[in-house]
Amino acid sequence: MKRLCLGTMITILYQCRTRSADTIKSVCSGIFAAYGLDINNYNKELPSHLKSGHDPVPGDLLIKARETNIDDVALGIENRVLPLIHQDKHIYLFRALKDILKEDTTIADSTVVGVMPGYEKSSILNFDSFYEAMTLANILTYAITQVENDKLKSNIREIGKDYIDGFAGSTEKVFFLSPVVENDHLSPLKRTLKDPMFDRVFCKATDITVSALANPTTASVFYIDPSNCKFRFSGLKDFIINNIGSYVFSRAQIKRIIDRTKNEAAVGSQAMLKFITTYGSKAETVLGEILLYIFMEQELDAPKIMSKVEIDETNRNAVSKSDGVHLLSINKSGQPFHQLVFGASDIVGDLQLAIDRAFEKIISVEANQDTELRMVDNTTQWTIYDPEATQYMVELMTPQRNGSYKPDMAFGAFLGYTIRLDNPETDSQKYRIAVKEQLKKDIANVQPYIVKKIQNNGLSGYSFYFYLLPFNDASSEKTSIIQELLSGGGI
């Protein structure tokens, strides 16, 4: 039986190597460097001994793997391990990882293979889309910290010398979805929202890839950290107020305000005035639209082209049914790829009903695709002030003679709903744990329904990005939170 351990990871990474990484030491050097260690400080036989299962994991590597922030490990793997992998073998590597996990019965399906929720064994086996560096960071950390490497010599030997190349003929789909930080490498269009407070306000419960679909579809579930067994939204309201300018105004409008007033603070004050004027009678829908914008920018790393308020202002004849349009620049199977992500949002007590309502908008947008794309094309030039970004968007929306294509259409959806715990808790700490577990159950339960909605409505050719957030009482809080902001209660 094949087993996941450090020796196994070194073996399969070695089989995926480029010509420039033609030694076992090169592979081990990359792994050790991801945890801040130098392989040259160890006995020269260590790399081959770790690969064969002759030696246990060194104590300092074990400590580093337990203590190093997983984001830092992922960055180290991005810089020091991924360049060692042959460009054709990234997909083979992930097919092999799934094969090994499937065969390793010592790891339960519910076990987190790493340190982050969403990397349970069952989830990885059902994934067809991966954040490559982060997935490897979690699996490597598990292999280092949870498995006795020197007890698995015979298991490592089961991986033959042609094991990785054996996946060349496989038809199993693997996608790599790696949003580039601030899109700097793939697009000059920059995000309008980069607030470091995001991670303090929004806690992530889980990420999943929705299975059984041809195109990558992901769902991320967040929650506001509860206190005394209840979600408190003061931090959320502060976050919205601090970033209301980038939601309400286009980049060009913000630049004009700053140029006129010589005061960046004027953007926030004028945005609140416009927000109050615009949304005084629309408190029913606006929270979902704002949260959609926040998650599209902050989590998906998809800069806005137009938020809902800009769409309404520009298209007073209500041409667009979208709750916002964003540009996502990604690597798909190693190639640069762009998507115009059209948004839909809904907040209602029942999660399935929120899905239904969001899909009503999605279906309408898709049915009027030509009109929606024309709306983006016609308004791009006045919403973006930066000449380079403006020219880039104009060219992106126009098919070029060199064979480039317009961006694909995709959909992003924010879904707010009322959480209902299967097992109610009155202890604050136990409640936090129960909330997180309930959210995992909730998204797992509606996953088949999402697949059905996509397939039954002929939307299988599109990618979807779902963001979920629970409320104590969604139907009332979606209104009360906005009313408090409009009346100054959130300030």
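**Helices, strands and loops**

Reader: Which helices do the buried residues of α1 pack against?
Author: Let's start with the covering: 10 of the 10 residues of α1 (residues 6-15) are buried, that is, under 20% relative accessible area, with over 50% called exposed and values in between partly exposed (1.4 Å probe, protein chains only). Contact means heavy atoms within 4.5 Å, and helices (H or I, at least four residues) and strands (E, at least two) are DSSP runs, numbered from the N terminus. By contact, the buried residues of α1 pack against α2 (24-34), α3 (46-52), α4 (59-67), α6, α8 (132-146) and α9 (153-157).

Reader: What kind of model is this?
Author: Residues are numbered from 1 along each chain as its sequence is written, and side-chain values use heavy atoms, without hydrogens and water. Local features need pLDDT of at least 70, side-chain atom pairs count only at pLDDT 80 or more, and totals for chains, interfaces and linings use all residues, since this is a predicted model.

Reader: How are α1 and α6 arranged relative to each other?
Author: Their axes lie 10 Å apart at an angle of about 150°; axes are lines fitted to C-alpha atoms, for helices over the stretch in contact, and angles run from 0 to 180 degrees between N-to-C directions. T8, M9, I12 and L13 of α1 make the contact with L93, L97 and I100 of α6. Under 35 degrees counts as roughly parallel, over 145 as roughly antiparallel, 65 to 115 as roughly perpendicular and the rest as oblique. So α1 and α6 are roughly antiparallel.

Reader: At what angle do α11 and α21 pack?
Author: In α11 (residues 234-242), L236, K237, I240 and I241 meet I481, E484 and L485 of α21. α11 passes α21 in a right-handed crossing; the near helix is then turned clockwise from the far one by less than a right angle, and anticlockwise for left-handed. The axes of α11 and α21 (residues 474-486) are 11 Å apart, and the angle is about 50°. That value makes α11 oblique to α21, so the answer is an oblique packing angle of about 50°.

Reader: Which hand does the crossover from β8 to β9 have?
Author: The strands β8 (residues 408-418) and β9 (residues 464-471) run parallel, joined by 8 bridges; two strands pair if DSSP finds at least two bridges between them. A crossover is right-handed if, with the strands pointing away from the viewer, the path from the first strand over the helix to the second runs clockwise. Here the chain goes from β8 through helix α20 (residues 428-456) to β9, and this β-α-β crossover is right-handed.

Reader: Is V341 buried or exposed?
Author: V341 sits in strand β7 (residues 335-347). Leaving aside residues up to four places away in sequence, V341 touches M296, G324, V325, H326, L328, A410, F411, G412 and Y465. Its relative accessible area is 0%, so V341 is buried.

Reader: What is the relative accessible area of N228?
Author: Most residues other than glycine have a negative phi. N228 is not a glycine, yet its phi is positive, about 50°. N228 lies in the loop between β4 (217-223) and α11. N228 is exposed, with a relative accessible area of 60%.

Reader: And what is the relative accessible area of D301?
Author: D301, also other than glycine, has a positive phi near 65°. It belongs to the loop between α15 (283-298) and β5 (304-307). D301 is buried, with a relative accessible area of 6%.
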